[in-house]
Amino acid sequence: MNPSQCRSPHSTHHSARPAHSFAAALRRVRTVLGRTSPSAILAVVSFGCSMSTHATRPARLGQAVSSDALVAVLERPGPVVLEKIVAGDWVVERSGLINLGSEKARDAGLEDGGEPIHLYVYALHHPRLGTYIVDSGLEERFRAEGGNDRVGAILAAAMNTDALVVRTSTKEWLAKQRERVAGVFLTHMHFDHVLGLPDLPDDTPIYTGPGEARAKGLLHAFVSGTVDRMLEGKGPIREWRFQPDPAGRFDGVLDVFGDASVFALHVPGHSPGSTAFVVRTPDGPHLLAGDVSHTRWGWEHDVEPGTFSNDAAQSALTFHRLRAFAAAHPQLTVHLGHQALREPTRKPSAALAAQ
Ligand SMILES: [Zn+2]
């Protein structure tokens, strides 16, 4: 297949704001597909496309350890100051975020519809090693008149474009920092997690889980051009070198800096390289779950994500494992992918309000 067939047409004539889901996007994109060449559609449907064509290389950072090493230090206060930034607010389809076919969701009467979510960035301020961020937020260009011209036409058309509100752009946050960002840890490479990268200096190292960039997906053809443009000018994406966790809790655990302050957990399912983080702070340990669980309702009711996940069965397995880990270690403050657990969240529907 010609790699160019794995790119959607790029146009600057649209109001571009991000949508979360490729599955939800597909439903909205049908009318636009009518303008795409049949051979391109055939190629996409036959083979799938990579999430990104950007260069990758193994990460040098991170030492493979057992999750027992993580558990051993979890009770002790750590050195990293954690800052949580709400980059933006958005509304996406509930069926992507929560498995509405699950018994619990059916019993609760959950129906599909718009679910309000947030895009988060986490800053990890390490006293010796500087500041790293988890996920990338939203670049300032999303505030431009007419939208962000890095976003492809089909993707833009597929998005819930009117719903995104930029609260803090990555550029805006960076301007307030005393030191430059030493690196970006992407929980995964779904496009709503890479939209702030252009605001960072090009030589800022970017890390992600194994196989994220080359992950195949039927809808990636409509996304990869946008993801590649967000990465333009950046060095190769560094992929974590996970090893099997001897204690069997996760698919792999890395002591990121070698000082037991930050651990990366390989939690595949939502995407092949999905990565969660445990950050040890003076106030206790925090778990950044990434999109292993997007919503407060899903986490609290033990219901895994819905159609946004690449591998539904693996996503459910990983979700239950991470939830069991959090339950076994109640000192962890849990941060979900797109909603807060410890703040009152808006009730998105009558069904949820009735809980
Ligand atoms: Zn996401």
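Begin with the whole protein chain coloured by pLDDT, the predictor's confidence in each residue, from 0 to 100: the chain averages 86, and 82% of the residues score at least 70. This is a predicted model, in which local features need pLDDT of at least 70 and side-chain atom pairs count only at pLDDT 80 or more, whereas totals for chains, interfaces and linings use all residues. Residues are numbered from 1 along each chain as its sequence is written.

Select residues 11-22 next. Their pLDDT stays under 50, and the model gives them 43 contacts beyond four places in sequence; a contact means that the C-beta atoms of two residues, placed from the backbone, lie within 7 Å. Residues 40-46 also stay under 50 in pLDDT, with 10 contacts beyond four places in sequence.

Switch to a cartoon view. The protein chain holds 11 helices and 16 strands, taken as DSSP runs numbered from the N terminus (helices: H or I, at least four residues; strands: E, at least two). Of the contacts in the protein chain with a separation of 6 or more, 79% are between residues 24 or more positions apart.

Now display the open sheet of eight strands, ordered β2-β11-β9-β8-β6-β5-β4-β7 with mixed pairing. Because β2 (56-58) and β7 (165-166) stand at the edges with a single partner strand each, one side of each is left without a neighbour in the sheet. Pairing here requires that DSSP find at least two bridges between two strands.

Within this sheet, select β6 (residues 130-134) and β8 (residues 181-185), which run parallel and are joined by four bridges. Val 134 has Phe 185 in β8 as its bridge partner.

Finally, turn to the interior. Of the 355 residues in the protein chain, 49% are buried, meaning that 20 or more other C-beta atoms lie within 10 Å of the residue's own, with C-beta atoms placed from the backbone (exposed: 12 or fewer; partly exposed: in between). A nonpolar core is a set of buried Ala, Val, Leu, Ile, Met, Phe, Trp, Tyr and Cys residues joined through C-beta atoms within 7 Å. The largest such core has 84 residues, and Phe 263, Leu 265, Ala 276 and Phe 277 have the most contacts inside it. Centre the view on Leu 265: leaving aside neighbours within four places in sequence, Leu 265 contacts Phe 250, Val 253, Thr 275, Ala 276, Phe 277 and Val 278.
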